[in-house]
Amino acid sequence: MTASMPSVMAAGSVYEVGGLAYAVDSREFADVVVEAQASHRRLRCMCQAAGVEMYVARLAQTQGYIVKRMPDTGWRHATHCPSYAPRSEEHTSELQSPMYL
């Protein structure tokens, strides 16, 4: 563990990385996030049984990290998850276009 624990922001409560689940409030979560960011590994938000891919962004001003949802994946999260967002109109209309029917 590093001498000073990095600041980590995460919306969900449990994330999976490398086949292991980590609660946001667990002792090792900050180190797991730092390692995931450094090695470009994706975390999975476990609000759904299969998980939803997330990524780690480094916050330059605070020297911290934030776990963020992948673009256009908010609708894949459980509705109770803080990372949930309804489908955008653009995405919905794409799904209704003839090539998706």
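Helices (H or I, at least four residues) and strands (E, at least two residues) are assigned here as DSSP runs and numbered from the N terminus. In these terms, H40 of the predicted model is located in the loop between α1 and β4. This residue follows helix α1 and has a positive phi, near 60°. H40 is classed as exposed because its relative accessible area is 70%, above the cut-off of 50%. Most residues other than glycine have a negative phi; H40, which is not a glycine, takes a positive value.

A second residue with a positive phi is D72, where the angle is about 60° although the residue is not a glycine. D72 belongs to the loop between β6 and α2 (89-96). With a relative accessible area of 60%, D72 is likewise exposed. A positive phi near 60° is also found at Q63, within the hairpin of β5 and β6. Four residues separate the two strands of this hairpin.

Strands β5 (residues 52-59) and β6 (residues 64-69) run antiparallel and are joined by six bridges. Among the paired positions, L59 has G64 of β6 as its bridge partner.

Nonpolar side chains tend to be buried together in soluble globular proteins.

Helix α1 spans residues 29-38, and its buried residues are F29, A30, D31, V32, V33 and A36. An α-helix has 3.6 residues a turn, so residues three or four places apart point the same way.

Strand β2 covers residues 14-17 and includes V14. V14 counts as partly exposed because its relative accessibility is 30%. Residues up to four places away in sequence being left aside, V14 is in contact with A21, Y22, A23, V24, R44, C45 and M46. The C-alpha atoms of V14 and G51 lie 9.9 Å apart in space, whereas the two residues are separated by 37 residues in sequence.

The cysteines were examined next. A disulfide is a covalent bond between the sulfur atoms of two cysteines. With a sulfur–sulfur cut-off of 2.5 Å, the model contains zero disulfides. C47 takes part in no disulfide, and its nearest cysteine sulfur, that of C45, is 3.7 Å away. For C81, which is also in no disulfide, the nearest cysteine sulfur is again that of C45, at 3.7 Å. C47 counts as buried because its relative accessibility is 17%, under the 20% cut-off. C81 is buried as well, with a relative accessible area of 7%.

Conventions:
Residues numbered from 1 in each chain as written. Predicted model: local features only at pLDDT ≥ 70, side-chain atom pairs only at ≥ 80, totals over all residues. Heavy atoms only, no water. Buried < 20%, exposed > 50% of the residue type's maximum accessible area, 1.4 Å probe, protein only. Contact = heavy atoms within 4.5 Å. Pairing = 2+ DSSP bridges.
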